[in-house]
Amino acid sequence: NFTARDNNSNLTLNFTFYLDDVATFSGVLQNNTINRTLITGIAEGFHTWFVNVSDSYGNRNMSENRTFFADATPPNVTLLFPLNDSNFSNSSIVFNFTVRDGNRNTTLNFTFYLDGVATFSGVLQNDTINRTLITGIADGFHNWSVNVSDSYGNTNTSENGANRTFFIDTTIPNVTLLFPLNDSNFSNSSI
C-alpha cells in the first residue's frame, strides 16, 4: 500500500511501482488516496520496493526503498521418540521431537498433543530438540502429535497430519502355581 499527495491543484498523479528494481506496474492515483494492490507469485526471500510519482507539471519524486521478506514455506516438525507402535510398561515417557525452518525464523511456536488434547505449548529455537517427560499416562493405547508455526503464520503438523501411537501396560501379570502343591512328597521321579 502507498499513497501520494501533491499540494497543488493536481487531481491525479502518475506512479510506477518497482519490486526488486523492476517496474512491476504503473497507473494513475487520485491525489492523496491509497493504492492497494495485491501482487501474487512473489518468490521467497528478501525483496525491495519503492514508488516513483509524477504530477502533470513534470515534477517527480521517488519514495524511500523499503524491504520485506516473503516466506510461504511451513516449518517441519519431526517426531523422534517414542517410535510409532511402541510398547511401554511404565506410565512416564520422555517425548522427543525437533522443529526446523529453512528460512529466517530463529524461534518456532509449537503445541504438543496427547490423545488429541493440547498438553503443552512453547517456543523452540530453530533446529533444536524438545525433550519433555510426561508422567501418569494411563494404561492403554495413546497417540501423540505436534503442531508448529513460524513467525510468518506458516503452520505444519507432524507426520503429515497423522498421529504416532503407543501402548502402555503397567499391570504386572499374575502367576498361580497349581501343581505340585507346596511341601508335597512323591514316591516316583516323574511328576
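Guide: A residue is called buried under 20% relative accessible area, exposed over 50%, and partly exposed in between. The model before you is predicted. In it, Asp127 has 44% relative accessibility, so Asp127 counts as partly exposed.

Visitor: With which residue does Asp127 form a salt bridge?

Guide: A salt bridge requires a side-chain nitrogen of Lys or Arg within 4 Å of a carboxyl oxygen of Asp or Glu. Here the partner of Asp127 is Arg100, and their closest N and O atoms are 2.4 Å apart. Asp127 belongs to the loop between strand E12 (117–125) and strand E13 (128–134), whereas Arg100 belongs to strand E10 (residues 93–100), so the pair ties together parts 27 residues apart in sequence. Arg100 is partly exposed, its relative accessible area being 45%.

Visitor: How many salt bridges does a search of the whole structure find?

Guide: The search finds two. Arg66 is partly exposed at 46% relative accessibility, and Glu64 is partly exposed at 47%.

Visitor: Which residues make the nonpolar surface patch?

Guide: Nonpolar side chains are joined into a patch within 5 Å, provided that each residue has over 30% relative accessible area and no salt bridge. In this model Leu80, Phe81, Leu83 and Ile129 make such a patch, of about 320 Å². One of them, Leu80, is located in strand E8 (residues 76–81). Leu80 has 33% relative accessibility and therefore counts as partly exposed.

Terms used. Residues numbered from 1 in each chain as written. Predicted model: local features only at pLDDT ≥ 70, side-chain atom pairs only at ≥ 80, totals over all residues. Heavy atoms only, no water. Buried < 20%, exposed > 50% of the residue type's maximum accessible area, 1.4 Å probe, protein only. Helix = DSSP H or I, 4+ residues; strand = E, 2+ residues; numbered from the N terminus. Patch = residues over 30% accessible without salt bridge, like charges linked within 9 Å, V, L, I, M, F, W, Y side chains within 5 Å. Areas by Shrake-Rupley, 256 points an atom, 1.4 Å probe, with all protein chains shown as cover.
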